[in-house]
Amino acid sequence: MRKLKVDVAVIGAGTAGLVAYRAARAQGARTVMIEGGPYGTTCARVGCMPSKLLIAAAEAAHMLDAAAGFGVHAGEKRIDGVAVMARVRRERDRFVGFVLDGVDSIPADDKLRGHARFTGPHTLVVDDHTEIEAARVVIATGSAPTRVPRLDGIGARVVTSDAVFEWQDLPRSVAVIGTGVIGLELGQALSRLGVRVSLYARGGSVAQLSDPVVLRKAGQVLQEEIDLHFQAEIVKASQDGDEVVLCTLEGGEERCARFDYVLTAAGRTPNVAGIGLEHTGLALGPNGVPLFDSRTMQCGTSHIFIAGDANNERPLLPEAADHGKIAGDNAGRYPDIRPGLRRTPLTAAFTEPNIVTLGASYKLLCEPGKPKFAIGQVAFENQGRSRVMLQNKGMLRVYGEYGSGRFLGAEMIAPRGEHLGHLLAWAVQARMTVDQMLEMPFYHPVIEEGVRTALRDLAAELAKDAGDTDPAEVEPGT
(Lines give C-alpha, C1' and ligand atoms only; values in the text may rest on other atoms or scores of the structure.)
Protein backbone atom coordinates (compact mmCIF):
# COMPACT_ATOMS: atom_id res chain seq x y z
CA MET A 1 0.00 0.00 0.00
CA ARG A 2 1.27 3.45 -0.90
CA LYS A 3 2.14 5.73 2.04
CA LEU A 4 1.97 9.53 2.06
CA LYS A 5 2.87 12.12 4.66
CA VAL A 6 1.28 15.55 4.17
CA ASP A 7 0.55 18.76 6.02
CA VAL A 8 -3.13 18.90 5.02
CA ALA A 9 -5.51 16.29 3.62
CA VAL A 10 -8.79 17.59 2.18
CA ILE A 11 -11.54 14.96 1.95
CA GLY A 12 -13.86 15.94 -0.88
CA ALA A 13 -13.46 17.90 -4.12
CA GLY A 14 -16.70 19.84 -4.23
CA THR A 15 -16.95 23.60 -3.81
CA ALA A 16 -15.72 23.62 -0.19
CA GLY A 17 -13.00 21.05 -0.85
CA LEU A 18 -11.58 22.80 -3.91
CA VAL A 19 -11.46 26.15 -2.12
CA ALA A 20 -9.96 24.58 1.01
CA TYR A 21 -7.26 22.84 -1.06
CA ARG A 22 -6.24 26.09 -2.74
CA ALA A 23 -6.34 28.05 0.52
CA ALA A 24 -4.14 25.52 2.34
CA ARG A 25 -1.69 25.44 -0.56
CA ALA A 26 -1.55 29.25 -0.50
CA GLN A 27 -0.39 29.00 3.12
CA GLY A 28 2.55 26.89 1.94
CA ALA A 29 1.16 23.56 3.19
CA ARG A 30 1.80 20.28 1.36
CA THR A 31 -1.82 19.42 0.55
CA VAL A 32 -3.66 16.53 -1.07
CA MET A 33 -7.31 16.37 -2.11
CA ILE A 34 -9.25 13.10 -2.03
CA GLU A 35 -12.43 12.41 -4.00
CA GLY A 36 -14.40 9.18 -4.20
CA GLY A 37 -17.10 10.29 -6.63
CA PRO A 38 -17.17 12.13 -9.95
CA TYR A 39 -15.43 15.48 -10.09
CA GLY A 40 -17.72 18.47 -10.46
CA THR A 41 -19.58 20.22 -7.66
CA THR A 42 -23.08 19.42 -6.38
CA CYS A 43 -24.17 22.84 -7.62
CA ALA A 44 -22.93 22.29 -11.15
CA ARG A 45 -23.96 18.64 -11.55
CA VAL A 46 -27.26 18.21 -9.71
CA GLY A 47 -28.04 21.44 -7.89
CA CYS A 48 -28.29 25.13 -8.54
CA MET A 49 -27.26 25.23 -12.21
CA PRO A 50 -29.36 22.44 -13.80
CA SER A 51 -32.36 23.39 -11.68
CA LYS A 52 -32.14 27.00 -12.92
CA LEU A 53 -31.94 25.72 -16.49
CA LEU A 54 -35.19 23.83 -15.96
CA ILE A 55 -36.73 26.88 -14.30
CA ALA A 56 -35.69 29.09 -17.22
CA ALA A 57 -37.57 26.80 -19.63
CA ALA A 58 -40.57 26.88 -17.30
CA GLU A 59 -40.51 30.68 -17.20
CA ALA A 60 -40.56 30.80 -21.01
CA ALA A 61 -43.59 28.50 -21.06
CA HIS A 62 -45.32 30.51 -18.34
CA MET A 63 -44.87 33.79 -20.21
CA LEU A 64 -46.89 32.33 -23.08
CA ASP A 65 -49.68 31.61 -20.62
CA ALA A 66 -49.43 35.08 -19.06
CA ALA A 67 -49.24 36.95 -22.37
CA ALA A 68 -53.02 37.04 -22.82
CA GLY A 69 -53.27 39.24 -19.73
CA PHE A 70 -51.40 41.93 -21.70
CA GLY A 71 -53.61 41.47 -24.76
CA VAL A 72 -50.93 39.44 -26.52
CA HIS A 73 -52.10 36.07 -27.88
CA ALA A 74 -49.32 33.69 -28.84
CA GLY A 75 -51.36 30.86 -30.29
CA GLU A 76 -51.13 27.21 -29.30
CA LYS A 77 -48.33 26.40 -26.89
CA ARG A 78 -46.21 23.32 -27.57
CA ILE A 79 -43.59 22.05 -25.14
CA ASP A 80 -40.95 19.72 -26.57
CA GLY A 81 -39.90 17.78 -23.47
CA VAL A 82 -37.02 16.07 -25.23
CA ALA A 83 -35.59 19.42 -26.34
CA VAL A 84 -36.12 20.95 -22.90
CA MET A 85 -34.19 18.19 -21.15
CA ALA A 86 -31.50 18.09 -23.86
CA ARG A 87 -30.74 21.77 -23.25
CA VAL A 88 -30.70 21.24 -19.48
CA ARG A 89 -28.12 18.46 -19.83
CA ARG A 90 -26.08 20.24 -22.49
CA GLU A 91 -25.72 23.46 -20.53
CA ARG A 92 -25.28 21.52 -17.27
CA ASP A 93 -22.36 19.65 -18.82
CA ARG A 94 -20.87 22.96 -19.92
CA PHE A 95 -20.95 24.29 -16.34
CA VAL A 96 -19.47 21.04 -15.05
CA GLY A 97 -16.76 21.39 -17.68
CA PHE A 98 -15.65 24.67 -16.14
CA VAL A 99 -15.24 22.92 -12.78
CA LEU A 100 -13.34 20.05 -14.38
CA ASP A 101 -10.96 22.52 -16.03
CA GLY A 102 -10.12 23.79 -12.56
CA VAL A 103 -9.58 20.26 -11.25
CA ASP A 104 -7.36 19.43 -14.22
CA SER A 105 -5.13 22.38 -13.33
CA ILE A 106 -4.30 20.78 -9.96
CA PRO A 107 -1.05 18.76 -10.00
CA ALA A 108 -1.71 15.03 -10.38
CA ASP A 109 0.32 14.22 -7.25
CA ASP A 110 -2.09 16.37 -5.19
CA LYS A 111 -5.19 14.37 -6.24
CA LEU A 112 -6.21 10.98 -4.91
CA ARG A 113 -9.20 8.98 -6.13
CA GLY A 114 -11.13 6.81 -3.69
CA HIS A 115 -13.14 6.78 -0.49
CA ALA A 116 -11.22 8.18 2.48
CA ARG A 117 -11.82 7.18 6.08
CA PHE A 118 -10.09 7.95 9.35
CA THR A 119 -8.14 5.17 11.05
CA GLY A 120 -6.87 7.54 13.72
CA PRO A 121 -6.85 11.27 14.51
CA HIS A 122 -3.99 11.86 12.05
CA THR A 123 -4.31 8.88 9.71
CA LEU A 124 -6.49 8.12 6.73
CA VAL A 125 -6.78 5.19 4.37
CA VAL A 126 -8.03 5.69 0.79
CA ASP A 127 -9.77 2.55 -0.47
CA ASP A 128 -7.12 -0.17 -0.28
CA HIS A 129 -4.34 1.68 -2.07
CA THR A 130 -3.05 4.59 0.04
CA GLU A 131 -2.34 5.36 3.69
CA ILE A 132 -2.03 9.04 4.59
CA GLU A 133 -0.46 10.60 7.65
CA ALA A 134 -1.85 14.13 7.82
CA ALA A 135 -0.92 16.83 10.31
CA ARG A 136 -4.31 18.47 9.64
CA VAL A 137 -7.50 17.36 7.88
CA VAL A 138 -10.37 19.25 6.26
CA ILE A 139 -13.65 17.31 6.00
CA ALA A 140 -15.54 18.58 2.92
CA THR A 141 -17.55 15.48 2.02
CA GLY A 142 -20.72 17.32 0.96
CA SER A 143 -24.25 15.99 1.28
CA ALA A 144 -26.72 13.61 -0.34
CA PRO A 145 -30.52 13.66 -0.79
CA THR A 146 -32.30 12.71 2.44
CA ARG A 147 -33.96 9.30 2.36
CA VAL A 148 -37.69 8.90 2.93
CA PRO A 149 -37.84 5.49 4.67
CA ARG A 150 -41.39 4.62 3.56
CA LEU A 151 -40.33 5.04 -0.06
CA ASP A 152 -37.21 2.88 0.16
CA GLY A 153 -37.18 -0.15 -2.10
CA ILE A 154 -40.35 0.78 -4.01
CA GLY A 155 -38.71 0.74 -7.41
CA ALA A 156 -36.92 2.76 -10.08
CA ARG A 157 -39.77 5.25 -10.38
CA VAL A 158 -39.03 6.71 -6.93
CA VAL A 159 -36.17 9.13 -7.58
CA THR A 160 -34.22 11.94 -5.93
CA SER A 161 -33.52 15.37 -7.36
CA ASP A 162 -30.12 14.08 -8.50
CA ALA A 163 -31.86 11.88 -11.11
CA VAL A 164 -34.22 14.49 -12.58
CA PHE A 165 -31.60 16.07 -14.81
CA GLU A 166 -30.86 12.76 -16.51
CA TRP A 167 -34.45 12.42 -17.78
CA GLN A 168 -34.56 12.19 -21.57
CA ASP A 169 -38.09 13.59 -21.71
CA LEU A 170 -40.58 15.26 -19.40
CA PRO A 171 -42.88 12.78 -17.65
CA ARG A 172 -46.65 13.08 -17.63
CA SER A 173 -46.98 13.27 -13.84
CA VAL A 174 -44.79 13.64 -10.75
CA ALA A 175 -45.46 13.59 -7.01
CA VAL A 176 -42.95 15.74 -5.14
CA ILE A 177 -42.30 14.86 -1.51
CA GLY A 178 -41.18 17.98 0.37
CA THR A 179 -41.91 21.70 0.16
CA GLY A 180 -38.38 22.90 0.82
CA VAL A 181 -36.42 24.92 -1.70
CA ILE A 182 -35.63 21.95 -3.97
CA GLY A 183 -39.15 20.53 -3.97
CA LEU A 184 -40.84 23.87 -4.66
CA GLU A 185 -38.43 24.91 -7.40
CA LEU A 186 -38.65 21.62 -9.30
CA GLY A 187 -42.36 21.17 -8.61
CA GLN A 188 -43.36 24.57 -9.97
CA ALA A 189 -41.00 24.30 -12.93
CA LEU A 190 -42.32 20.89 -13.97
CA SER A 191 -45.90 22.07 -13.54
CA ARG A 192 -45.31 25.06 -15.81
CA LEU A 193 -43.82 22.70 -18.38
CA GLY A 194 -47.07 20.77 -18.59
CA VAL A 195 -46.38 17.98 -16.09
CA ARG A 196 -49.19 17.09 -13.68
CA VAL A 197 -47.55 17.80 -10.31
CA SER A 198 -48.68 17.32 -6.71
CA LEU A 199 -46.50 18.43 -3.79
CA TYR A 200 -46.79 16.82 -0.37
CA ALA A 201 -45.55 18.24 2.93
CA ARG A 202 -45.65 16.50 6.29
CA GLY A 203 -46.18 19.86 8.00
CA GLY A 204 -46.95 23.36 6.81
CA SER A 205 -43.48 24.64 5.96
CA VAL A 206 -42.71 26.53 2.77
CA ALA A 207 -39.02 26.70 1.80
CA GLN A 208 -36.97 28.44 4.50
CA LEU A 209 -39.70 30.78 5.79
CA SER A 210 -40.33 31.18 9.52
CA ASP A 211 -42.39 34.40 9.64
CA PRO A 212 -46.00 33.21 10.07
CA VAL A 213 -47.46 36.07 8.03
CA VAL A 214 -45.14 35.53 5.07
CA LEU A 215 -45.52 31.76 5.42
CA ARG A 216 -49.31 32.05 5.23
CA LYS A 217 -49.10 34.33 2.20
CA ALA A 218 -46.63 32.01 0.47
CA GLY A 219 -48.96 29.06 0.92
CA GLN A 220 -51.87 31.04 -0.54
CA VAL A 221 -49.89 32.33 -3.54
CA LEU A 222 -48.34 28.98 -4.43
CA GLN A 223 -51.61 27.06 -4.03
CA GLU A 224 -53.15 29.28 -6.71
CA GLU A 225 -50.84 27.58 -9.20
CA ILE A 226 -49.63 24.28 -7.71
CA ASP A 227 -51.49 21.30 -6.21
CA LEU A 228 -50.07 21.59 -2.66
CA HIS A 229 -50.93 19.13 0.10
CA PHE A 230 -49.92 20.30 3.58
CA GLN A 231 -50.13 18.08 6.69
CA ALA A 232 -49.91 14.99 4.47
CA GLU A 233 -48.36 11.79 5.83
CA ILE A 234 -47.07 9.13 3.45
CA VAL A 235 -48.84 5.87 4.29
CA LYS A 236 -47.55 3.56 1.56
CA ALA A 237 -46.42 3.38 -2.04
CA SER A 238 -46.06 0.67 -4.64
CA GLN A 239 -44.85 0.47 -8.21
CA ASP A 240 -47.48 -0.73 -10.68
CA GLY A 241 -45.95 -1.11 -14.12
CA ASP A 242 -44.63 2.28 -15.19
CA GLU A 243 -46.49 4.12 -12.43
CA VAL A 244 -46.22 4.57 -8.68
CA VAL A 245 -49.33 4.41 -6.54
CA LEU A 246 -48.81 6.84 -3.65
CA CYS A 247 -51.13 6.82 -0.66
CA THR A 248 -51.22 9.63 1.90
CA LEU A 249 -53.18 10.41 5.05
CA GLU A 250 -54.68 13.91 4.93
CA GLY A 251 -57.20 15.18 7.45
CA GLY A 252 -57.79 11.65 8.71
CA GLU A 253 -58.63 10.38 5.22
CA GLU A 254 -56.42 8.08 3.14
CA ARG A 255 -55.99 9.22 -0.45
CA CYS A 256 -54.20 7.42 -3.27
CA ALA A 257 -53.01 8.77 -6.61
CA ARG A 258 -50.94 7.44 -9.50
CA PHE A 259 -47.82 9.14 -10.88
CA ASP A 260 -45.13 8.42 -13.43
CA TYR A 261 -42.54 9.32 -10.80
CA VAL A 262 -42.31 10.10 -7.11
CA LEU A 263 -39.58 12.68 -6.52
CA THR A 264 -38.23 12.79 -2.98
CA ALA A 265 -37.05 16.30 -2.10
CA ALA A 266 -36.96 16.15 1.67
CA GLY A 267 -33.67 18.03 2.01
CA ARG A 268 -30.07 16.86 2.07
CA THR A 269 -28.06 14.93 4.67
CA PRO A 270 -24.37 15.56 5.45
CA ASN A 271 -22.03 12.85 4.14
CA VAL A 272 -20.32 12.09 7.45
CA ALA A 273 -21.31 8.44 7.93
CA GLY A 274 -18.72 5.84 7.00
CA ILE A 275 -15.68 8.13 7.13
CA GLY A 276 -14.41 6.78 10.45
CA LEU A 277 -15.23 9.73 12.69
CA GLU A 278 -15.24 7.31 15.64
CA HIS A 279 -11.45 7.13 15.30
CA THR A 280 -10.93 10.89 15.52
CA GLY A 281 -11.88 11.52 19.15
CA LEU A 282 -14.13 14.38 18.03
CA ALA A 283 -17.34 15.25 19.87
CA LEU A 284 -20.34 14.72 17.59
CA GLY A 285 -23.71 16.42 17.51
CA PRO A 286 -27.03 14.53 17.39
CA ASN A 287 -26.87 14.38 13.58
CA GLY A 288 -23.42 12.79 13.65
CA VAL A 289 -21.66 15.98 12.52
CA PRO A 290 -18.58 16.98 14.54
CA LEU A 291 -19.11 19.99 16.78
CA PHE A 292 -17.26 22.96 15.28
CA ASP A 293 -16.70 26.70 15.56
CA SER A 294 -18.59 28.44 12.75
CA ARG A 295 -16.08 31.30 12.73
CA THR A 296 -13.02 29.09 12.21
CA MET A 297 -14.48 25.74 11.01
CA GLN A 298 -12.31 24.05 13.67
CA CYS A 299 -13.73 20.91 15.29
CA GLY A 300 -13.30 21.52 19.01
CA THR A 301 -9.65 22.39 19.65
CA SER A 302 -8.39 19.76 17.22
CA HIS A 303 -6.39 19.80 14.00
CA ILE A 304 -9.53 18.78 12.06
CA PHE A 305 -11.78 21.28 10.24
CA ILE A 306 -15.15 20.79 8.54
CA ALA A 307 -16.57 22.85 5.68
CA GLY A 308 -19.49 23.08 3.26
CA ASP A 309 -22.60 20.89 3.28
CA ALA A 310 -20.77 18.37 5.50
CA ASN A 311 -21.14 20.64 8.53
CA ASN A 312 -24.83 21.29 7.79
CA GLU A 313 -24.67 24.91 8.95
CA ARG A 314 -25.83 26.70 5.80
CA PRO A 315 -25.81 24.17 2.93
CA LEU A 316 -25.50 26.69 0.10
CA LEU A 317 -22.79 27.19 -2.52
CA PRO A 318 -21.65 30.69 -1.41
CA GLU A 319 -21.40 29.43 2.16
CA ALA A 320 -19.47 26.34 1.06
CA ALA A 321 -16.92 28.57 -0.67
CA ASP A 322 -16.53 30.74 2.43
CA HIS A 323 -16.31 27.67 4.67
CA GLY A 324 -13.62 26.18 2.44
CA LYS A 325 -11.55 29.38 2.49
CA ILE A 326 -11.70 29.61 6.29
CA ALA A 327 -11.01 25.90 6.84
CA GLY A 328 -8.18 25.80 4.30
CA ASP A 329 -6.53 28.95 5.65
CA ASN A 330 -6.64 27.67 9.22
CA ALA A 331 -5.53 24.16 8.32
CA GLY A 332 -2.66 25.59 6.31
CA ARG A 333 -1.34 27.85 9.08
CA TYR A 334 -2.33 25.70 12.09
CA PRO A 335 -1.97 26.24 15.05
CA ASP A 336 -2.50 29.92 14.17
CA ILE A 337 -6.31 29.81 14.09
CA ARG A 338 -8.14 32.96 12.99
CA PRO A 339 -11.84 33.74 12.48
CA GLY A 340 -12.71 34.10 8.82
CA LEU A 341 -15.16 36.28 6.94
CA ARG A 342 -18.78 35.27 7.58
CA ARG A 343 -21.35 37.09 5.51
CA THR A 344 -24.95 37.96 6.24
CA PRO A 345 -27.14 34.86 5.75
CA LEU A 346 -29.01 34.97 2.42
CA THR A 347 -31.16 32.18 1.03
CA ALA A 348 -33.36 32.23 -2.07
CA ALA A 349 -35.81 29.81 -3.64
CA PHE A 350 -36.23 30.53 -7.35
CA THR A 351 -39.94 29.95 -7.38
CA GLU A 352 -42.18 32.65 -8.80
CA PRO A 353 -42.55 34.78 -6.78
CA ASN A 354 -39.09 34.27 -5.29
CA ILE A 355 -38.90 33.20 -1.65
CA VAL A 356 -36.03 34.93 0.15
CA THR A 357 -34.76 35.21 3.72
CA LEU A 358 -31.79 37.28 4.86
CA GLY A 359 -30.12 38.45 8.02
CA ALA A 360 -31.81 37.45 11.26
CA SER A 361 -34.90 35.31 10.65
CA TYR A 362 -38.21 35.83 12.44
CA LYS A 363 -37.65 32.54 14.27
CA LEU A 364 -34.21 33.61 15.48
CA LEU A 365 -35.45 37.00 16.63
CA CYS A 366 -38.23 35.33 18.62
CA GLU A 367 -35.87 33.12 20.63
CA PRO A 368 -35.92 33.59 24.43
CA GLY A 369 -33.65 36.35 25.62
CA LYS A 370 -33.67 38.26 22.36
CA PRO A 371 -34.59 41.97 22.58
CA LYS A 372 -37.93 43.08 21.23
CA PHE A 373 -37.95 43.97 17.56
CA ALA A 374 -40.26 45.95 15.30
CA ILE A 375 -41.80 44.74 12.06
CA GLY A 376 -42.69 46.61 8.89
CA GLN A 377 -44.39 45.10 5.88
CA VAL A 378 -45.70 45.57 2.38
CA ALA A 379 -48.05 43.48 0.26
CA PHE A 380 -47.36 43.50 -3.47
CA GLU A 381 -50.95 43.33 -4.74
CA ASN A 382 -51.08 47.12 -5.30
CA GLN A 383 -47.36 47.82 -5.75
CA GLY A 384 -47.00 49.85 -8.94
CA ARG A 385 -44.26 48.13 -10.94
CA SER A 386 -45.45 44.69 -9.84
CA ARG A 387 -48.92 45.42 -11.24
CA VAL A 388 -47.40 46.70 -14.47
CA MET A 389 -45.69 43.32 -14.92
CA LEU A 390 -48.72 41.26 -13.75
CA GLN A 391 -46.52 39.91 -10.97
CA ASN A 392 -48.29 41.65 -8.10
CA LYS A 393 -48.36 38.82 -5.57
CA GLY A 394 -46.49 38.38 -2.33
CA MET A 395 -45.46 39.88 0.99
CA LEU A 396 -42.27 41.41 2.43
CA ARG A 397 -41.69 41.73 6.17
CA VAL A 398 -38.66 43.64 7.50
CA TYR A 399 -37.26 43.66 11.05
CA GLY A 400 -35.54 46.41 13.04
CA GLU A 401 -34.03 46.77 16.49
CA TYR A 402 -35.64 49.11 19.00
CA GLY A 403 -33.30 51.76 20.35
CA SER A 404 -30.52 51.52 17.77
CA GLY A 405 -32.88 51.49 14.79
CA ARG A 406 -30.57 48.96 13.14
CA PHE A 407 -31.97 46.87 10.28
CA LEU A 408 -31.89 43.20 11.25
CA GLY A 409 -33.30 41.11 8.43
CA ALA A 410 -36.30 40.20 6.28
CA GLU A 411 -38.43 37.38 4.93
CA MET A 412 -40.41 37.58 1.72
CA ILE A 413 -42.23 35.97 -1.13
CA ALA A 414 -41.87 38.69 -3.71
CA PRO A 415 -41.50 39.45 -7.42
CA ARG A 416 -37.78 39.83 -8.25
CA GLY A 417 -37.08 38.82 -4.67
CA GLU A 418 -33.60 37.53 -5.54
CA HIS A 419 -32.56 41.14 -6.21
CA LEU A 420 -34.42 42.67 -3.27
CA GLY A 421 -32.78 40.08 -1.04
CA HIS A 422 -29.27 41.12 -2.09
CA LEU A 423 -30.04 44.79 -1.55
CA LEU A 424 -31.34 44.15 1.96
CA ALA A 425 -28.60 41.65 2.86
CA TRP A 426 -25.97 44.26 1.98
CA ALA A 427 -27.75 46.70 4.31
CA VAL A 428 -27.64 44.16 7.16
CA GLN A 429 -23.95 43.47 6.61
CA ALA A 430 -23.21 47.20 6.49
CA ARG A 431 -25.03 47.52 9.85
CA MET A 432 -27.24 50.25 8.43
CA THR A 433 -30.11 51.75 10.35
CA VAL A 434 -33.58 51.91 8.88
CA ASP A 435 -33.30 55.71 8.63
CA GLN A 436 -30.05 55.39 6.68
CA MET A 437 -31.67 52.94 4.29
CA LEU A 438 -34.52 55.37 3.67
CA GLU A 439 -31.98 58.05 2.72
CA MET A 440 -30.85 55.89 -0.24
CA PRO A 441 -32.16 56.66 -3.76
CA PHE A 442 -35.30 54.94 -5.04
CA TYR A 443 -36.21 55.32 -8.71
CA HIS A 444 -39.78 55.21 -10.06
CA PRO A 445 -41.45 52.96 -11.02
CA VAL A 446 -39.46 50.04 -9.58
CA ILE A 447 -40.19 47.09 -7.33
CA GLU A 448 -37.70 48.53 -4.82
CA GLU A 449 -40.34 51.13 -4.00
CA GLY A 450 -42.09 48.27 -2.22
CA VAL A 451 -38.99 47.91 -0.05
CA ARG A 452 -39.25 51.62 0.78
CA THR A 453 -42.89 51.20 1.77
CA ALA A 454 -41.98 48.36 4.14
CA LEU A 455 -39.07 50.36 5.59
CA ARG A 456 -41.32 53.36 6.18
CA ASP A 457 -43.73 51.10 8.01
CA LEU A 458 -40.84 49.72 10.05
CA ALA A 459 -39.54 53.22 10.85
CA ALA A 460 -42.97 54.20 12.17
CA GLU A 461 -42.99 51.13 14.44
CA LEU A 462 -39.46 51.84 15.67
CA ALA A 463 -40.53 55.38 16.58
CA LYS A 464 -42.89 53.90 19.17
CA ASP A 465 -41.68 52.92 22.61
CA ALA A 466 -40.79 49.22 22.67
CA GLY A 467 -42.93 48.81 25.77
CA ASP A 468 -46.00 50.03 23.87
CA THR A 469 -45.83 47.36 21.17
CA ASP A 470 -48.27 44.51 20.87
CA PRO A 471 -46.60 41.42 22.39
CA ALA A 472 -48.20 39.31 19.65
CA GLU A 473 -45.91 41.01 17.16
CA VAL A 474 -42.79 39.59 18.75
CA GLU A 475 -43.88 36.12 19.70
CA PRO A 476 -43.64 33.12 17.38
CA GLY A 477 -46.79 31.49 16.09
CA THR A 478 -48.76 34.65 15.39
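Guide: We shall take the disulfides, and then one serine. This is a predicted model, in which local features need pLDDT of at least 70, side-chain atom pairs count only at pLDDT 80 or more, and totals for chains, interfaces and linings use all residues. Residues are numbered from 1 along each chain as its sequence is written, and side-chain values use heavy atoms, with hydrogens and water left out.

Visitor: How many disulfides does the structure hold?

Guide: A disulfide is a pair of cysteine sulfur atoms within 2.5 Å. The structure holds two. One links cysteine 43 with cysteine 48, at an S to S distance of 1.7 Å; the other links cysteine 247 with cysteine 256, at 2.1 Å. With the bonded cysteines numbered in sequence order, the pairing reads 1-2, 3-4.

Visitor: Why is the disulfide of cysteine 247 and cysteine 256 right-handed?

Guide: The disulfide is right-handed because the torsion about its S-S bond is about 110°. The link of cysteine 43 and cysteine 48, with -140° about the S-S bond, is left-handed.

Visitor: Which residues does serine 161 contact, leaving aside its neighbours within four places in sequence?

Guide: Contact means heavy atoms within 4.5 Å. On that basis, serine 161 touches Ile182, Leu186, Leu263, Thr264 and Arg268. Serine 161 is buried, at 5% relative accessible area.

Key. Buried < 20%, exposed > 50% of the residue type's maximum accessible area, 1.4 Å probe, protein only.
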